[in-house]
Every structure is written in C-alpha cells, then in structure tokens.
Amino acid sequence: MKQAPTNISRRNFLKITSLAGGGVLFGFELLANVAPEAAANAALFAPNAYLSIDANGIITLMAPNPEIGQGIKTSLPMLLAEELDVDWNKVVITQAAFDKEKYGNQSAGGSGAIKGRYEPIRKAGAVARQMLIAAAAQTWGVPEAECATENGFVIHKTSGKKLSYGELSTKSASMPVPENVTLKDPKDFKIIGKRIKNIDNKNILTGKPLFGIDTRREGMLYCMVSRPPAFGKKLRSFDDTEARKIPGVKNVVRTETVVAVLATNTWAAKKGRDALKVEWEDAGKLESTTEHIAAFKNLIQQKSEKPDRNDGDAEKALASAKKVLESIYEVPVLSHAPMEPINFFADVRDGKADLYGPTQVPGRAITDVAKALGIAEANITLGLPRQGGGFGRKLRSDNVVEAALISAAAKAPIQMLWTREDDMQGDFYRPNSMFKYKAAINNNNELDGWHLTAVALGGRPAAVDNFPAGALANYRVDGHSLQSNIQTGPWRAPTHNAVGFAEQSFLDEIAHELKKDPIDFRLELLERAKNNAAGKVNYDIEKFKGVINQVRQMSNWDKKTPGRFKGFAAYYSFSTYVAEVAEISIVNGKPKVHKVYAAVNCGQVVNLSGAENQVQGAIVDGLAHAWYTELTFDKGTVQQKNFNTYKMMRIQDAPLDVEVQFVATNDKPTGLGEPALPPIAAVVCNAIFAATGKRIRKLPFGKELNA
Amino acid sequence: MASYTITVNNQKRTVDVLPDTPLLWVLRDELNLVGTKFGCGIAQCGACTVLMNDNAIRSCSYPVSAVGTNKITTIEGLSENGDHPVQQAWDEMDVAQCGYCQSGQVMAATALLKRKPNPTDEDINAAMSNICRCGTYVRIRKAVHLAAEKAAGK
C-alpha cells in the first residue's frame, strides 16, 4: 500500500454537506490540466463531481463529463467506487448537468478525461472511505487502524463488528478530512482493470429517451432551419407564404443568418422548411476542391518561411544521397457525421435560457449563448444527455447558439434538428491535406535524411515531432496552411488521422526499398534514436518497442500463410503507443480484412471492456474512412450530401475480428479514445501493397482500387 | 391532415398527420416512442429500423399511409422486460459505444434471426446493412451469433 500525498482540506478539495434526510454528500473538484496552484486556490474551488451516501446506503455517483460514446459515464465512477470500496452493482450513476456556479471543466475531447482524472477521483474515493472509517471507529471507541472496509461496510477486524456506509453516512459528514489517504495497491484492485459493462446498456437496448434528440417538453415546437447552401453565401431575404400553408406549421422566424420553421412535428417542420423561398447572396469566394488541390500541388513544392523542425541538414543529405525516394500522399476532406444528427433543445424566455442537448464543450456553449443573447451566464442552465457520437463535431457550440437564438426569436421552447444533408453542408470538416516526403538513402544503404513538406486546408498540417524524428540526423518538416472559408476543425485524432496514413505508408516504402522487414526496420530506427538521438525525442523508446514486439508476436508476423498478406504500422499519439497488424486477402480485386491485431500501451486500463471497445471501434472507424469516405466541394457546396454518396462502411467490410492486447502496466492511464485510429489506414494499405504490389498514396483507397 | 389507426407494439394507435409522414416521425413525435432513431432520412443508415410483421423496414422512408393493418414492433415493444435474446446478447457482449444506432441494429438482427435462426457470417453480412459510426461491428457480429445460441436454448 502506498501513501498518496493529498493536500486535502475542506478548503481546497472537498465540500461536505449533510443530506436533509440523513446521509452525506461529498462534492469534489476534478480539474484536468490545471496548474496545482490554481487548483489549490480556495477562491476557485467549485466541485464538479459528487458522491452521495444516503442513510439507506444508496450510493450515487455523478459522472461529470459528457458521454459521447467514449465510456466515461462508466469508467470515471469505477475509479471512485474502487477506492471507496463498494460493490459496483449497488452504485447508482447519474449524469451531472452543467451549472457554471457549481461545476468546473466538463469537456470531452483530446482523449483527456481519464488521463486527467485518474488520481484526483481515486483520492476523492479514498477520502470518503477514510471518513467513513473514522465515523465507525468513533462509534465503537476503537482506533481507526483496527478498522477495514469491504463492499460498502466498515469492519472492526478484532471484534468482527460491522456497520454499513449508509448507517455511517450522517456521522461521517462531521469527521475531520484526513491529511493523507492511502490509495489501493493496483494488485488489490477489484473494479479497475476489470470488464465492466456500459452502465446505460439496458436503457439503450430498450429504447429509453437518453439522447438530446429524444427531448420532449410541454409546449415544445419542432424546428427545421434553412441555412446557406454554400460557403460564401448568406441570407438576403425569404418568402414564407407557402411554408405557412403546411398543416402543422406554427411559426417562421429568422435570425441574422438563418430562417427557422416551427411546427407540431418534425415532418411538418421539414416540409415547411422545404417550402420556403429563400434568396441567398454572395458573401465571399465560392471555393472548389479542385482549386484547393491545385494550390496544394503548388505549395508543396515550396519551403515554409521557417521549418517546423530542422535537425541536421536534410537538404544536404538528400543532395549527396545514393538514392532519393520521393512520394506524395493525399487525404480528402471528411465529415464527422455522428449518427445522432445535430440538435438542441432551447427555451429562451424572460431573460433566461434552459438548454439541453449534445455538446462536447458545455462551458464554452454557455459563454457563447450568453454573448449571443446578451444575458448573464447565471441565467443559463445546460443539461447534458447521452450523445450519439462526437468525433470532434460537438467541440464547437454552433448548434447550441443557433437553437438559443431561434427560441429567443420565437419566444417558445423549441427542438432544433438538422437533417443529415444540413450536417454535411454545415460541418467543421477534417481538412484535406497533402504530404510530400523525401528520403535520403546513403552509400551504406541506410536512411539518413528525411524531408516532409505538408499542406492542409486550414489548421496544422503535420505532427512535427513524430517518429522517425529523433532517429535521423537530418530531418526537416515544412508546413503550409491553405486559408479557406470552408470551415475545418478537429476530427478524431486531429492531424494524426492524416499523418498516420502518409508517414507509416512511406516508412513501409523505405523498408521495401532497403529490402528490410518493416518491423525490423522500425526497431532499427528506434535503436538509433536510443543510442544516437538527433534532436528532441518526444516518445519513450522502450514503450514504442514494447508494443511493436508484442504485435509481432500476437499476429504471428513472421509466419507466412499462402493467400494471406500482412501489413504493419505503429503510432504514438495522446501519450499512448499503438502497434497494429492487419491480415488480408484479395477477393475479386477487393481487399478482405480477416483480422486486425493491436498492441496498446495506455498505462493502467480502467475498464477492460470499454477500453477494448474503444480500440476496436477506432480501428474500424479509421479503416472505414480510409476505404470509402470523401467529401468534395463545388463552388462552396458539398457534393456528397448523405450516406448514399458519402459512403460509410457496413459490417460486411469490417474485420471479422480485432484482437486487442494491452501492455500490463500500472503506469498512470493515458488517452484511449483516439490513438488506435491513426495507424490503421497505413496498416491495411501496407497489406494491400504486400498482396498486390500496388502502393496506395491517396485515400479513399476503395476508389484507387476501384473496390 | 388525415387520421390513421396503426398497430404498434400490439396496441392500436390513432394519429392525425399529413399522409406522407414517414412512420419514423409518427413513432417519435406523435406516439413518443423515441427509441427508433433518425439518422439519414433516406433508408441508408438503418437507425430507424422497426419490424413490420416479421420483416425489418426503414421507418424513415415508409409513409404512415402505407402501414395499413400490418403490425409494427419497435425497440420498446421487443420484449416486456428488455430480455429478448437479442437484447441479452447485446448486453453480454457490451456492444454499445454511443448507443445511438443500436436499437436499429437490434431490430435488424431480430428480423434476421426470425428468418435464419442460425445465421452464418455471410448471412449477417447480407442482412445487417445498418451503419454504426462508432465501429462496433466486431461485437455486433459476435452478439448476433450469441443471440442465435440463446434463442436456441444453448
């Protein structure tokens, strides 16, 4: 058992309250990525997670972060329950609403929730447990050291006396907060690291109203909105005569930018919206993907003003190389396309706003709504339902602000819903990007120079410190960002989702050129980074080698099976190491992915079932988008408007199995929602090369293969 | 507006809507059966899948005026206690991530198992065309096989 330093006091960590009917409420602060000084500042203290134990022994945990499918509503409470030492099956979990007065940071993004909260939430559980022990010890008149806990009871070890947490709860509220608490030794974990099922399974599988789109309130009107049909267009005027004739349509309102139709059901609202006669006017350039690609091709031949990273002299290495390999890789624009279409409920009346719906950034949404409506943040409440996928789409508050403005204009409670077509035209897209790689092979037949020039539509084009940076004496990255009025933003594993494909495919090309096994080649480079580091090395070499060796073993990499072909890639992102192998065959010219193997080092696994599901899902997600999906623009208008042309993978093309192994470790947990995605496109494309000799340098690969 | 009486989850329900209203919006907005989901509106994604008699249909593209006397079953009516073999299998395999598409997946699997109590992987590929954006297909496949075993009493 280890003593964890706590810095705990009522002032800076806990807010303890007696419950009215008996029992205790522990409110505690869980701030990720906040400087310790700020967290210790009593003035900033605002609990954002709660644990209550009532007199009947009902233990309720409030999960503070939005649940978007990453499993946080299950895994965060697991941490608390572990240290509190309670029976998982007897714990009630509820989703915390957002309240700026009471809660702190509640966002979902950057694979950070578990990473940032692993220790604080466990400490909170341990503190509560210690105070329950203190209450029992005082009741029995025995030293605390003679007491232990088990499954929701405090036990006096020598006499065998027992009191439940429920019986002790009221008294525990008056106990002193311990100076130090002891966190469990990982070998004693009963909940952390085990397979725990998603706590909402039953509700999901019986169709309970869990999601924002399921919101039904008294007097609520259903709302569909007419938005600009192209980037570069804006609203000029509209005629709602025909729309108002549709039975069920109750009102038509406009905000500065859009026209909204309100009706008694969604279908009437949609028919009304479609019957509007709206005039749009040019407000900017009407851009097309073909122009962007032409600009990319030009930029990619140019150095940037200042290289993003420049170790040694890559140009010299290339000039004196025995051989130079050069390849250009390209990935398309993607939409987030969460299955639950964009929606939000808003009731804005009398200077107050009641909001409910899907967002990954509740804090920012409240700030933005307050500004848009000109009301105080204190007059806004925001509830967080379960969310039908995020993938980064809900990191902007556009849907919340739009719903609030429409409700304010209509002076009525509304549920705004976007159609899939609305979402395809109104997203913040994964930018398309292009990567030109040059590799210098010297006279010893070694890779000793690397020059990447990357360009993306807005945003950051390259992950500059990626391996093989650190292994190569001469390494240079130039990046360009092409400005556009087509809005781009973070999409699951931002930047990495494109770079992973390009860089890991190019490494495979080099290994092939050098006639080296792709895994041996990676390991050699890592050995070089270890013995002869060039510049900053931002990854842990042993952890990287660990997952690579593990996937080699689990996939039987070195065993050749007739008709089956394997591809490999490894990638480090969000502090997590992932190595993957895919085994494929080619059936009628089309790849069939039989199995994917993944070795993952994400530190301590919290929920084995949830963690495995995230890795399997990220692999399928990455493969699906590499295979099928592509968005293009023509004069500011998206050309793929729904799933008939924006193709999503179905079960028939998904791997039959994805085997996941986690490196056994008790290191602090790192990110897991994203890191398994970046390598998979290259893994499968490298396998396609092994099978066919065709190198895929442009996604989606289904289009390249005509399959 | 026109009045329609349809049988949903073994109950007769009467609604007054536009004749071309898709069954999806009748279920969600008029009958408050929100377990059936909207995903694309063009019969592509399958989030809106319900049973008509024993067959899976995409309710977003099925007008209420065409339902007639056919019996509609939604996720809410699949079993009284949420313990249909498919629901049990989905829970045991811990399939869901965001969970949004899963009611449609469950209804599609239910229809498949009614036709083919012991489906092969190829049968699953052919019948299950619902989109899962989270990528839970590996577990969906395992859950369909598990549900088949459960229904057979194995």
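Good morning. I begin with Glu279 of chain A, which counts as partly exposed at 44% relative accessibility. The model under discussion is a predicted one. Glu279(A) forms a salt bridge with Arg236(A), and the closest N and O atoms are 3.2 Å apart. This pair links distant parts of the chain: Glu279(A) belongs to strand β15 (residues 277-282) of chain A and Arg236(A) to strand β12 (residues 233-239) of chain A, 43 residues apart. Arg236(A) is likewise partly exposed, its relative accessible area being 46%.

Let me turn to two further salt bridges in chain A. In one, the side chains of Arg273(A) and Asp274(A) meet at 3.0 Å, N to O. Arg273(A) has a relative accessible area of 12%, which is under 20%, and therefore counts as buried. Asp274(A), at 47%, is partly exposed. In the other, Lys590(A) and Asp653(A) meet through their side chains at 3.3 Å, N to O. Lys590(A) is partly exposed at 28% relative accessibility, whereas Asp653(A), at 9%, is buried. Salt bridges with shared partners also join Arg227(A), Lys270(A), Arg273(A), Asp274(A), Glu402(A) and Asp422(A) into one network. Over all chains, the search of the whole structure finds 60 salt bridges.

Next, the interface of the two chains. Here 65 residues of chain A are in contact with 54 residues of chain B. Between them, the chains bury about 5000 Å², with 56% of it on carbon and sulfur atoms. Which three residues supply more of the area that chain A buries against chain B than any other three? They are Leu205(A), Met339(A) and Ile651(A), with 17% of that area. The count between chain A and chain B is 8 salt bridges. Lys197(A) and Asp91(B) meet in a salt bridge at 3.0 Å, N to O. There are also 36 residue pairs in polar contact between chain A and chain B, both residues at pLDDT 80 or more. Elements giving two or more residues to the side of chain A that touches chain B include α5 (201-205), α7 (266-275) and α16 of chain A. Of these, α16(A) gives the most to that side, with 9 residues.

Within chain B, the division is into domain 1 (2-77) and domain 2 (85-151). The C-alpha centres of these domains of chain B lie 21 Å apart. In contact across the boundary are 18 residues of domain 1 of chain B and 13 residues of domain 2 of chain B. The two domains of chain B bury about 1200 Å² between them, 60% of it on carbon and sulfur atoms. Across this interface the rule finds 1 salt bridge. The side chains of Asp54(B) and Lys114(B) meet in a salt bridge at 3.5 Å, N to O.

I close with helix α17 of chain A. The 13 residues of α17(A), 680-692, should span 18 Å at 1.5 Å a residue, and the end C-alpha atoms are 18 Å apart, which agrees. Why is α17(A) described as largely enclosed by the rest of the structure? The reason is that 10 of its 13 residues are buried. Among these are Val683(A), Cys685(A) and Phe689(A). The cover over the buried residues of α17(A) includes α13 (496-513), β27 (590-601) and α16 (608-627) of chain A. After α17(A) comes Gly693(A), with a positive phi near 80 degrees. Thank you.

How values were computed:
Residues are numbered from 1 along each chain as its sequence is written. Chains are lettered from A and ligands numbered from 1 in the order in which they are written. This is a predicted model: local features need pLDDT of at least 70, side-chain atom pairs count only at pLDDT 80 or more; totals for chains, interfaces and linings use all residues. Side-chain values use heavy atoms; hydrogens and water are left out. Helices (H or I, at least four residues) and strands (E, at least two) are DSSP runs, numbered from the N terminus. The expected span of a helix is 1.5 Å times one less than its number of residues. Buried means under 20% relative accessible area, exposed over 50%, partly exposed in between (1.4 Å probe, protein chains only). Contact means heavy atoms within 4.5 Å. Domain bounds come from an automatic or database domain assignment. Buried area is the accessible area (1.4 Å probe) that two parts lose on being put together, summed over both. A salt bridge is a side-chain nitrogen of Lys or Arg within 4 Å of a carboxyl oxygen of Asp or Glu. A polar contact is a pair of N or O atoms within 3.5 Å; within protein, one must be able to donate a hydrogen and the other to accept it, and residues adjacent in sequence count only if both atoms are side-chain atoms.
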